[in-house]
There are 2 protein chains.
Amino acid sequence: MIMSFSKGSVRSGNRAAKDLIADHGGRVTRTRVAVIEALQIAPAPMSHEDLGAALAADDIPHDRVTLYRALDWLVEQGIARRIAGSDRAWRFEVVRPDSHRHAHFHCDRCGRVICLESLQPSSAVSLPDGYQLDRAELVLHGACATCGDGPGSDNDPGQH
Amino acid sequence: MIMSFSKGSVRSGNRAAKDLIADHGGRVTRTRVAVIEALQIAPAPMSHEDLGAALAADDIPHDRVTLYRALDWLVEQGIARRIAGSDRAWRFEVVRPDSHRHAHFHCDRCGRVICLESLQPSSAVSLPDGYQLDRAELVLHGACATCGDGPGSDNDPGQH
DNA sequence: AATGCTATTGCAACATTGTAGCATTTACGT
DNA sequence: ACGTAAATGCTACAATGTTGCAATAGCATT
């Protein structure tokens, strides 16, 4: 989904993002800063496409490959988290101290992905002997509040 | 993962598969029958690649696109279920009456996907107002019993 | 068993998502 | 300001999936 944040919003208050990067021993670059800030103000996990559009909306030049690598690095550093959507594209969200592991809701009508902070999938899971659990990914599918309201009121925001 | 079922095993007892297809108003074709039977005897969800290899092992000619379309049809008819792996490839399993909704375990070391029949992710999930739940997909990540045994005993069966 | 209709197939071409290699640029410690 | 490794920005490629369309083949009917 194309998020149209107001121009300049991504550039404001970039102190935290820069520090985040520096604290992890990485170089503070245009793309990394912009990606972190876009993710920080995003209400939902963003795909590569989303991020590319967000950066373009802020007139931040970026390369497709650089975006991939910036996100790989963020995930590697534990700054961002990668979640698998039902389409085969990754989505990313910043790791916040308060919301450690939560489930995601994927609206099959409009394609939006929403974070469900209250649901912690990793708890209360028992595995067979010998299996080691690293993390659990819970994705709920259905219709979101906006799409589920009226039977015919599909308000597809134009994703894929 | 390449499953090497004994030759002919997929072709035997194909009565049920044919009936399944016919009961859903579809034409009984070589590829559909073979796919259903491969999925029925598979111990774990299969990717397109797996299925292609399984059909090839049984000397069943098949086209890549036909395979995709056969699986699409099976999912559409509710005969098979599509699950998203952590790589961006779909995996498929037959819908069995006894094991309705269960979780999956994805071994991050060897790539194997295992069905966890005992875990029913859709139960005990509370959504915000207005949200309609269709289905829940729970994927656990970690190391399976074989891979987790010895620290260095990675027995990768050859899957990416 | 032959016929006819149309659901499926099989092919080629394309779309999307993600990676690899490598020369060039840039962040940042000195 | 300088030097150097880290990142970038290309281009090319790989993997996965989709579309269009002519040819084939199920299956109901004769």
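**Exercise 1.** In which sense do strand β6 of chain A and β6(B) pair, and over how many bridges?

*Solution.* The model is a predicted one. Step 1: locate the strand of chain A, which covers residues 132-143. Step 2: read its pairing with β6(B), which is antiparallel and runs over eleven bridges. Step 3: take one position as an example; A:Arg135 stands opposite B:His141 of β6(B).

**Exercise 2.** State how many residues of each chain are in contact and how much area is buried between chain B and chain A.

*Solution.* Step 1: count the contacts, taken as heavy atoms within 4.5 Å. Chain B contributes 33 residues and chain A contributes 33 residues. Step 2: give the area. About 2600 Å² is buried between the two chains, and carbon and sulfur atoms give 60% of this. Step 3: find the residues of chain B that lose the most area to chain A. These are B:Tyr131, B:Gln132 and B:His141, together 22% of what the chain B side buries.

**Exercise 3.** Describe the polar pairs between the chains, then the elements and residue classes on the side of chain B that touches chain A.

*Solution.* Step 1: look for salt bridges between chain B and chain A; the count is zero. Step 2: look for polar contacts across the interface. Six residue pairs are found, with both residues at pLDDT 80 or more. Step 3: list the elements of chain B that give two or more residues to this side: β5 (113-116), β6 (132-143) and α5 (145-149). Of these, β6(B) gives the most, with twelve residues.

How values were computed:
Residues numbered from 1 in each chain as written. Chains lettered and ligands numbered in written order. Predicted model: local features only at pLDDT ≥ 70, side-chain atom pairs only at ≥ 80, totals over all residues. Heavy atoms only, no water. Buried area = accessible area lost by both parts, 1.4 Å probe. Salt bridge = Lys/Arg side-chain N within 4 Å of Asp/Glu carboxyl O. Polar contact = N/O pair within 3.5 Å; in protein donor to acceptor, adjacent residues only side chain to side chain. Helix = DSSP H or I, 4+ residues; strand = E, 2+ residues; numbered from the N terminus. Nonpolar A, V, L, I, M, F, W, Y, C, P; charged D, E, K, R; others polar. Pairing = 2+ DSSP bridges.
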